[in-house]
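Subject: Structure for your files

Dear colleague,

Here is the structure I said I would pass on. My notes on it follow below.

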Amino acid sequence: MNRPRATTNRRRFLQGSTLAGAAGLTGLSGCSYWSGSNSRVSRAAGKKVIIIGIDGMDPRLCSQMMSEGLLPNMAKLRATGGFSELGTSVPPQSPVAWANFINGNGPGTHGIFDFIHRHPHEQCAPFYSAAETVPGEGAWEVGDYQLQLDFWPFNHKPSETVLRRQGVPFWDYLDASGIPTTFYDLPSNYPPSPSQYGHHRCICGMGTPDMAGSYGTYQYFAENGPPQPIDEGGGRRTRIKFDEETGQGELIGPENGLLKVAKPMTIPFKVHRDLQSNAVAIDLPTQRLVLKPGQWSPWIRLNFEMTTPAFLPDKEVSGICRILVQEVAPIFRMYVSPINVDPRAAVVQLSEPESFIGDVANHLGPFYTTGFKEDHKARTNGVFNDDEFVRQATNVMEERLALFDYAVQDYEDGLLFFYFSSSDLQSHMFWWNSDKPHPIRSTTEAQKWHGYIRRLYQRLDQVVGDIYDRYGSQATIIVMSDHGFSEFGRQFNLNSWLRWYGYLGPPECTSLFKDVDWSQTAAYGLGINGLYINLKGRERDGIIEPGEQKEALIQELIFGLTQLQDEDGRQVVRNVYRSDQVYSGDATELAPDLIVGYARGYRASWATCLGDLTDDVLLDNDQAWSADHCADALEVPGILFSNRKITDAQPSLVDLAPSILKEFGLKTPATMSGKVVLG
Amino acid sequence: MPELARIISALNQFANFFGRALANAVAPLPGWLSATVIGVLTGVVMLVGYKYTSNQRAIKRVRDQMKANMLSLKLFKDNMRSVFGSQLGLVGGAGKLLLHSLLPMVVMFIPITLAMTQLSLWYQMRPLQVGETAVVSLQLRDDTPTPLPAVKLDGGDFAEIVTGPVRIDSTKEVTWEIVARTTGLHELQFDVNGELVTKSLSIGDRYLRVSLLRPTLKSWVDVVLNPAEQPFAVDSAVQSIAITYPERDSWTSGTDNWVIYWLVVSMAAAFALKSVFNVNL
């Protein structure tokens, strides 16, 4: 038998190298495709569209500041293209508004009508509207543990968080056309919707939970804290005791879901203080921090040990937090930020593709990943004073600006969307553009802090200027907000009003979730703007017949609410919208029957949002959260700036998606109700 | 065991001499390249060391026997007795090879340990960059009376104290947060009740030797793991000084990964070059 020759001829070499080259190229493109890399061939043909989403930026304040010459870059954009108020959603709540932007259509198509929805078959059981955690089914019980095994023969179904937003997001059309899209901190998109063709990247924004599964739960340790830890809305307050200037405590982490009775995992810490130098050393299991009052720690990685049954190795889940020592003595006080999911080792999917957020974090280091980054709850609950809140919000802003810089550096073509939350959450605390007395601040203080909001607008104007300088002539630039802002001086308890007029009973009831008698209840309010008829056949304990009885009740309620006046004669409700008139689409199942649009200065009361009733129907707002946008949609339009001509006199949020598609040469799809508004 | 620690400290001084020379030679190279070069060099040194500390003839004999057993397995696979005999021979051969490698392993244990601790100064952590902060912790003797004495830290013009000192009576520690100001290999100076002590501080964006801890002679393990600086005497008021440095992020020359990469490269180099150096492994 002859041995095959080891030499090769030119023809074989050419054949081989061609095949190898083709295989290599296929492999490379395949790898690139599956890795979700943006080096994939873009069909944007160099076309660039950049959107800066500034949550809550108000058109009236923008106009005023432009006329004062304080927003030169926005004024330049207005002169180049245009500026307009941007019609917001009904109701003007961020999850609803951003979903309108995403679908290019109204709530009837995406199914988000308020921050809070309810399950009608469970009679008013509330849940967050944009995402819901569905409990798992089946488990293998071993001692104190329950294991969910999602393979044959067990086929258990683990619990999962599902995105409740329905319909087709506009980037799906771009994705299918090979046009790359990149979104940083997109609201109403957690968990992230998948990219079918691999041209879409997105980091989730508003709606993303912290490690505790909440929308941000800080921990506060103080020598004068309560004897037993208490959970307050958005935070946990704990007493810390010092023995020979050393105190100890535990950081509460996520729950160990493998346990039958879920318990939170904890990390112990010690605080050593030096009264002479007015500083502390904080010892965590893997590191030491040395801090003085007012000093923020860097991001700290916390590794929580997750115990498992004996035959399995224990696991670690990591989160990140920052610590602020507020006071060393005489009363030690320390704030620990909500424990954010670590973007470098995310335990839940925070981006599409999943690796995207890790790639960004490897460049920039850790950053806030929770949806609500500015800790407004700490300010509302008195853990922060105004200065501390501003410092924390500034930390967020500095991180956002670094991320923005990265986003712009990483951008080649296609669509780039970048979201700023600072203007919204800080306006909630500091906006006060009114002659009326502020709920908790003197007029001087209110003016001082409103001035701070103006400076924030100026900082954001610089961001716009930066983008304009870099891309003004090469890209379509859109600067938009989902809604504007309004003072919130008086609060209206919708359920108390319903009780007063006999629509909700019994007369002495105090909470929707405790002592309401549904057989005496014709209608109830839930969320911030929603009003639901207790409809037979839809609600578990419904009593109102569909048809004439329902129609008559709706007419009564609209009349009553729009006639409502405050003690000084001011109108409380500007409009009441019927959902069957303002919503159309396939996703109206959970829509409220009526949407209450409050007049400027008013909003649903804090108690209403929690399902509680108060003695008074109208009360002063006594919270630091002194401005809001959950009013009538006509009161709080958003902004639209572009370097392209705005061709419509009354553009709306739903018009942006068709306009973006047109920029890339795509027609408005049938799933959208918006129109093209950019020339 | 202070005596053992003293011996290790003397060995460290010897290793530091070579460590610094090697570090200076590869400092301009990127991390992956220096890690690869060092890995290959180590592989060659281990190979030569193995050659001269092992019984090469005996190893060759065992290898030949094992080859014969392999051949026997192939040729007489129908003869069960032969097959079992050959398999036993192979297992026995592997055991003999292990025995023959014990002496080289014992001989090379100390130099390899010294080499690893020198490399850890280079790759385990990275120097502070200008503007970065670090925590400095000084450990006093257990019998230091409380309240703790005044301890002064002088960072010169290369490091600034941000916070501290925080005196921790319960653990006899004094701790500070500092921020790096100028690049270079510097020395922090501490004045503990009149006793002046120093601790090295590495600042820069290039490769520098990074000493995490200046240990005490009371702990020989710490002296092994932290070879860069002279240990504190047993009766010194200061027992150790530690600085937290950032982790180095690299698959080839970063925190913890460098050990794996170094071992893999040195082993691969040793296997690849064994015929060049005529070594039986």
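**A buried helix in chain A**

The buried residues of α4(A) are S94(A), P95(A), V96(A), A97(A), W98(A), A99(A), N100(A), F101(A), I102(A) and N103(A). Please keep in mind that this is a predicted model. An α-helix has 3.6 residues a turn, so residues three or four places apart point the same way. What covers the buried residues of α4(A)? Among the covering elements are three helices of chain A: α5 (107-110), α6 (170-176) and α16 (656-663). After α4(A) comes G104(A), which has a positive phi, near 65 degrees.

**A hairpin in chain A**

Elsewhere in chain A, strand β21 (residues 323-327) pairs with strand β22 (residues 333-336). The pairing is antiparallel and runs over four bridges. One of the residues involved is V325(A), whose bridge partner in β22(A) is M334(A). Five residues lie between β21(A) and β22(A), and the two strands form a hairpin.

**Where chains A and B meet**

How many residues does each chain bring to the contact? Chain A brings 15 residues and chain B brings 14 residues. On the chain B side, β1 (133-140), β3 (159-168) and β4 (173-180) each supply at least two residues. The most comes from β3(B), which gives six residues to the side of chain B that touches chain A. By class, that side of chain B has five nonpolar, six polar and three charged residues.

**The two domains of chain B**

Chain B is divided into domain 1, made up of 28-124 + 255-273, and domain 2, covering 133-243. Taken over C-alpha atoms, the centres of domain 1 of chain B and domain 2 of chain B are separated by 41 Å. The contact between these domains takes six residues from domain 1 of chain B and eight residues from domain 2 of chain B. Which element gives the largest share of the domain 1 side? Helix α4 (residues 80-123) of chain B does, with five residues. The side of domain 1 of chain B that touches domain 2 of chain B holds two nonpolar and four polar residues, and no charged residues.

Regards

Definitions and conventions: Residues are numbered from 1 along each chain as its sequence is written. Chains are lettered from A and ligands numbered from 1 in the order in which they are written. This is a predicted model: local features need pLDDT of at least 70, side-chain atom pairs count only at pLDDT 80 or more; totals for chains, interfaces and linings use all residues. Two residues are in contact if their C-beta atoms, placed from the backbone, lie within 7 Å. Ala, Val, Leu, Ile, Met, Phe, Trp, Tyr, Cys and Pro count as nonpolar, Asp, Glu, Lys and Arg as charged, and the others, Gly among them, as polar. Domain bounds come from an automatic or database domain assignment. A residue is buried if 20 or more other C-beta atoms lie within 10 Å of its own, exposed if 12 or fewer, and partly exposed in between; C-beta atoms are placed from the backbone. Two strands pair if DSSP finds at least two bridges between them.
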